[in-house]
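Please open the structure in a viewer and keep the selection tool at hand.

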Amino acid sequence: MKIPALLVACLMAVAASPLARAEYGDVVINNFSDAAGMRPVVFPHWFHRVRFRCKVCHADLGFQFQAGGNQIDMLKIIDGQFCGACHNGELAWNVENCNLCHSGKPGTPTQVHESTLQRLGRTAATAPRPAASAAAAAR
Ligand code: HEC
Ligand code: HEC
Ligand code: HEC
C-alpha cells in the first residue's frame with residue numbers, strides 16, 4: 001500500500017520540478033538596455049539560487065523581489081552594487097564579459113521568462129475579465 005503512494009509522490013515531484021523552474025526562471029531585465037543600444041540582460045535566477053541563499057541578494061544586496069524592480073546601471077555595477085557585488089573578477093567573472101549578461105533578444109520586455117504568471121498576464125490582457133463581467137451582471 002505504501003509503495004504506490006510513494007511512487008506517485010515521486011512522479012509528481014518529477015513532473016512539478018520543471019514548472020517550479022519556469023516560475024522562478026530566467027529574468028529578463030530591460031529597463032535601460034534597449035534604449036542604450038545593448039541587448040537586454042538575461043539573469044539566470046535558478047543558476048544563482050542553487051549557489052546562494054535568497055538573503056544574500058534580496059536582503060544583503062538589496063535586490064527587490066520584482067522583475068525590473070531595481071534601477072541597475074553599469075556605474076552601480078562597476079561600483080560593486082547589484083551584480084557587481086560578485087561579478088568583480090574575484091567571486092565571479094568580471095564586467096568585461098558584456099555578452100554573458102547582455103544576452104537577450106532586443107525588444108524583449110522586462111519579465112520572468114515564460115513564467116506561469118507571465119502567461120496568465122498575456123491571456124488576461126487579451127481576454128475579457130470574467131470577474132469584471134460577473135460583477136457587472138450581478139449589478
Ligand atoms: C554581470 C552582468 C553584466 C555585465 C557583465 C555587463 N552588464 Fe551592462 N547591465 C547589466 C544590468 C543588470 C543592467 C541593467 C539592465 C536594464 O535594466 O536594462 C545593465 C545595463 C547596461 C546599460 C544601460 C544602463 C547604463 O549603465 O547606461 C549599458 C549601456 C550596459 N549595461 C553596457 C554594458 C557593457 C558595454 C558591458 C561590457 C563592458 C556590460 N554592460 C557588462 C549587467 C551587466
Ligand atoms: C544571486 C542573487 C539572487 C539570489 C541568490 C536570489 N535571487 Fe531572486 N532575484 C534576483 C534578481 C537579480 C532578480 C530580478 C530583479 C530585477 O529584475 O531587477 C530576482 C527576482 C526574484 C523574484 C521576482 C520574480 C518576479 O516574478 O518578478 C522573486 C520572487 C525572487 N527573486 C525570489 C527569490 C528566492 C525565493 C530566492 C532564494 C531561494 C532568490 N530569489 C534568490 C537575484 C537573486
Ligand atoms: C551573490 C553573487 C552574485 C550576484 C549578486 C550575481 N551573480 Fe551572476 N554569477 C555568480 C557566480 C558565482 C557565477 C558563476 C561564475 C562562474 O561559473 O565562474 C555567476 C554566473 C552568472 C552567469 C552565467 C551563468 C551560466 O550559465 O554560466 C550569468 C549570465 C550571470 N551570473 C549574470 C548575473 C547578473 C545579470 C547579475 C545581476 C542581475 C548577477 N549575475 C548577479 C554570482 C553572482
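Two residues are said to be in contact if their C-beta atoms, placed from the backbone, lie within 7 Å. With this meaning in mind, please select Val28. Setting aside its neighbours within four places in sequence, Val28 is in contact with Pro40, Val42, Gly104, Thr108, Thr110, Gln111 and His113.

**The whole chain**

Please now display the entire protein chain, remembering that this is a predicted model. The chain has 7 helices and 3 strands, and from the N terminus on its elements run α-β-β-α-α-α-α-β-α-α. Of its 139 residues, 13% count as buried. Among contacts between residues at least 6 apart in sequence, 53% join residues at least 24 apart.

**Colouring by confidence**

Next, colour the chain by pLDDT. The mean pLDDT of the protein chain is 79, and 64% of its residues reach 70 or more.

**The nonpolar core**

Select Val27, Val28, Ile29, Val41, Phe43, Ala67, Ile72, Cys83, Cys101 and Val112, which together form the largest nonpolar core, 10 residues in all. The elements that give two or more residues to this core are S1 and S2. The largest share, 3 residues, comes from S1. In soluble globular proteins, nonpolar side chains tend to be buried together.

**Ligand 1**

Select ligand 1 and the 21 residues that surround it; the closest are Asn31, Ser33, Asp73, Cys98 and Cys101. Helix H4 (74-78) and helix H5 (98-101) are the elements that give two or more residues to this shell. H5 supplies the largest share, 3 residues. By class, the shell around ligand 1 divides into 13 nonpolar, 6 polar and 2 charged residues.

**Ligand 2**

Move on to ligand 2. Of the 19 residues around ligand 2, which come nearest? They are His48, Cys54, Cys57, Ala67 and Asn70. Strand S1 (27-29), H2 and H3 each give two or more residues to the shell around ligand 2, and H3 gives the most, with 4 residues. The shell around ligand 2 has 11 nonpolar, 7 polar and 1 charged residues.

**Ligand 3**

Now select ligand 3, which has 20 residues around it; Phe43, Cys83, Cys86, Ala92 and Cys101 come nearest. The elements that give two or more residues to this shell are strand S2 (41-43), helix H2 (45-49), helix H3 (54-60) and H5. By class, the shell around ligand 3 has 17 nonpolar, 2 polar and 1 charged residues.

**Gly84**

The last stop is Gly84, in the loop between H4 and H5. Why does Gly84 count as partly exposed? It does so because it has 18 C-beta neighbours inside 10 Å, whereas a buried residue needs 20 or more and an exposed one has 12 or fewer. Leaving aside its neighbours within four places in sequence, Gly84 is in contact with Lys76, Ile77, Ile78, Asp79 and Val95.

Note on methods. Residues are numbered from 1 along each chain as its sequence is written. Chains are lettered from A and ligands numbered from 1 in the order in which they are written. This is a predicted model: local features need pLDDT of at least 70, side-chain atom pairs count only at pLDDT 80 or more; totals for chains, interfaces and linings use all residues. A residue is near a molecule or strand if its C-beta atom, placed from the backbone, lies within 6 Å of it. Ala, Val, Leu, Ile, Met, Phe, Trp, Tyr, Cys and Pro count as nonpolar, Asp, Glu, Lys and Arg as charged, and the others, Gly among them, as polar. A nonpolar core is a set of buried Ala, Val, Leu, Ile, Met, Phe, Trp, Tyr and Cys residues joined through C-beta atoms within 7 Å. pLDDT is the predictor's confidence in each residue, from 0 to 100.
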